[in-house]
Amino acid sequence: MKKKLVSIKNKIINYNYKEYINTSIMFLTFIFSNLINLYLVRFFTVKNYFDIKPIIADIAILLFIGAFAYIFKPKNRFKYFMVWSIILTAICLIDSIYYTFYMSFSSISLLATSTQVVDVADALVKNVIKVKDFVYLWQPILLICVHRHLKKKEYYGKIQKVERRKKRAINTLIFASVMAGIFIISLTSLEIGRFNKQWNREYIVSKFGLLTYHINDAVKSLEPKFSTLFGYDQAYKEFREYYDNRATGLSNNEYTNIFSGKNVIMIHTESMQRTSMETSFNGLEVTPNLNRLASEGMYFDNFYSQVSVGTSSDTEFTVSTSLLPVNNGTVFISYFNRTYIAFPKLMHDKGYYTFSMHGNNGSFWNRQVMHKNLGYERFYSKADYDIDEEVGLGLSDKSFFRQSTKIISDIKNSKNQPFFATLIMLSNHTPFDDVEKYGDYDVTMKYKTTNELGEEVEEIAPYLEGTSLGNYFKSSHYADEAIGEFIQELDEAGILDNTILVFYGDHDGRLPKKEYNLMYNYDPTTNSVLDKDNPDYDEFDYYDYELNRSVPLIIWSKDMKGTKYNTKVHTAMGMYDVLPTVGNMLGVYSPYQLGHDIFSLNGDNLVPFPNGNWLTNKVYYNNSKEEYLPLTTEPIDNEYIKKNSEEAEKMLKVSNNTVVFDLIEKDNENKEKDNTGE
Ligand code: GP9
Ligand code: MN
């Protein structure tokens, strides 16, 4: 082994590089010129100037492409390089124009299925094409010039005699693989996760390079095609059977239509966990505003988000459709062109004006496409806001709310109809490290102790200062302050008078279990976790963590305090119950809703999670271990576990098939056929 390594090392040292360069002019021109173009795209768009990772990824892919040029004799190679150069330059050019227009990158599936191509043509008219978009054309021009020059010097004939094509091809492939290996090793698990779920196109181009992005995009756009190849008939049969056995329609309880005709503002409260609402440091609450709203309104304090890899977007999907995330990929990315019955659409059909607002790029999670599909008539995204202050992931929540209030006020005054709005917050987002901007909320612990003189004194222990959990609470405090200001702004603009606000935490903050263990088992005297033998030590285990992921759901209006609707509901509830429950209060429902109206339950409410776990008031069930944590003292029999496990599995399956096979669309078509008697 050692010998082999030494021989490889010697080969590398003694290799005749000069000869290699002299005989590879065309190949090297192709690689370097395209590398420069790909760098230029990042330079002009995502402005990632110094990251080495996307450069390594680009080199690896270009080398793979270049290696196959050795199939051809030197004199015929130009055509191969030229074809690739045209493709690569076209990608750079299209993406450059696309970015100026959409602040994002083109996507095969979107170009193939939406009207965006037309929009790009529009861009020509609107003059958004800039000179810099054409800068990439130098590459094929250079290639032609180099080729002509070499031809004149009869270069190709000369190198044909000395070049060993097969060896060159293999060596190039090996080098490309080494570069790809280095690239993959350099990635963090967060980057890999975001790559897999195509989190945000800008992020992927910035971290992985333009070519990796396009390859990923192409694979992602093929995925839905493969998943629909088999099983449609069976899926539709099960779908019909499932919904035929479920009651549909409004629930008809004391909440039906109570908010009919009122304006609705849904507030997607980024990463807000119920823990934040229930935590105080030195007597100061993390979220005093949310706590006040909860105490004055309808507060659901056993509520869970049901996200998969699509995080924020999965909640937007679940809350709107009462369906669950798909088991492979993300609905917003891969199944944006299916038919859905969604909350905004239902409200629109009721005569509401529907719109959504978010301070981030419209292409993030493919929202600009998917929000339209869900029934929002207008999506206000980054381009509609002045990015005058940034906290966390982008535009600060405070500025976002301030600017949104103005827009909402204009809408209220100009439209002669009620509105349904969804506002997606942004600042309280992992990694919660924008600490200086969160304000001066501190997460220390004051405690009493006795000094050497035996006197009682107050000391301060650092507690959660410097931990990501501590930073999360600071960030949550900032988001809560923004909410407080928002309520005040809405009130001043007269918007609160006929409006209900619905707050939902979109998912938990995904913080390390270890830090919760520190939080709940903290010994201020040693500034560390209590000893495991200490009688006060109570390990924060798997189930504690899962239950702790609960998020708030609050329905609030200015005049709710003290009325019969000013209640606390402790029934276990999931994000998919929002449409059935809140929709009922507004007089809408979807015939395909999987969730339940929490005020018209028939037995225990079941909250299935995409990983197969499920929860009721009585049990938290861990699917992978096939075990559960009882949540009451009531005895639990096997039948209860079996029945709920089967139902959870069924719901996940029906939901997945509904999305993947576009069954709502198929169902509509079939019903139409029945009606016309075809
Ligand atoms: C992106 C924001 C965050 O615009 O909504 O998405 P997440 O990472 O929470 O899914
Ligand atoms: Mn989120």
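The following dialogue discusses how to read several features of a predicted model.

Biologist: Which conventions apply to this model?

Modeller: Residues are numbered from 1 along each chain as its sequence is written, and chains are lettered from A and ligands numbered from 1 in the order in which they are written. As this is a predicted model, local features need pLDDT of at least 70, side-chain atom pairs count only at pLDDT 80 or more, and totals for chains, interfaces and linings use all residues, while side-chain values use heavy atoms, with hydrogens and water left out.

Biologist: Which domains does the assignment give?

Modeller: Domain bounds come from an automatic or database domain assignment. Here the protein chain has domain 1 (2-221) and domain 2 (250-509 + 547-605). Their centres, taken over C-alpha atoms, are separated by 43 Å. The contact (heavy atoms within 4.5 Å) takes 14 residues from domain 1 and 18 residues from domain 2.

Biologist: How many residues of strand β13 are buried?

Modeller: In a regular strand the side chains alternate between the two faces of the sheet. Buried means under 20% relative accessible area, exposed over 50%, and partly exposed in between (1.4 Å probe, protein chains only). Strands (E, at least two residues) and helices (H or I, at least four) are DSSP runs, numbered from the N terminus. In β13 (residues 499-505), seven of seven residues are buried. Thr499, Leu501, Phe503 and Gly505 lie on one side, with Ile500, Val502 and Tyr504 on the other.

Biologist: Which strands pair with β13?

Modeller: Two strands pair if DSSP finds at least two bridges between them. Strand β1 (residues 263-269) pairs with β13 in the parallel sense over seven bridges, and threonine 269 has glycine 505 as its bridge partner. Strand β16 (residues 553-556) pairs with β13 in the antiparallel sense over four bridges; there, valine 502 stands opposite isoleucine 555.

Biologist: At what angle do helices α16 and α22 pack?

Modeller: Axes are lines fitted to C-alpha atoms, for helices over the stretch in contact, and angles run from 0 to 180 degrees between N-to-C directions. For α16 (residues 288-296) and α22 (residues 468-492), the angle is about 55 degrees, with the axes 7 Å apart. That makes α16 oblique to α22 (under 35 degrees is roughly parallel, over 145 roughly antiparallel, 65 to 115 roughly perpendicular and the rest oblique). Among the residues in contact, Leu290 and Leu293 belong to α16, and Ile483 and Ile487 to α22.

Biologist: Why is helix α25 described as largely enclosed?

Modeller: Nine of the nine residues of α25 (residues 578-586) are buried, so the rest of the structure largely encloses this helix. Just after α25, glycine 587 takes a positive phi of about 85 degrees.
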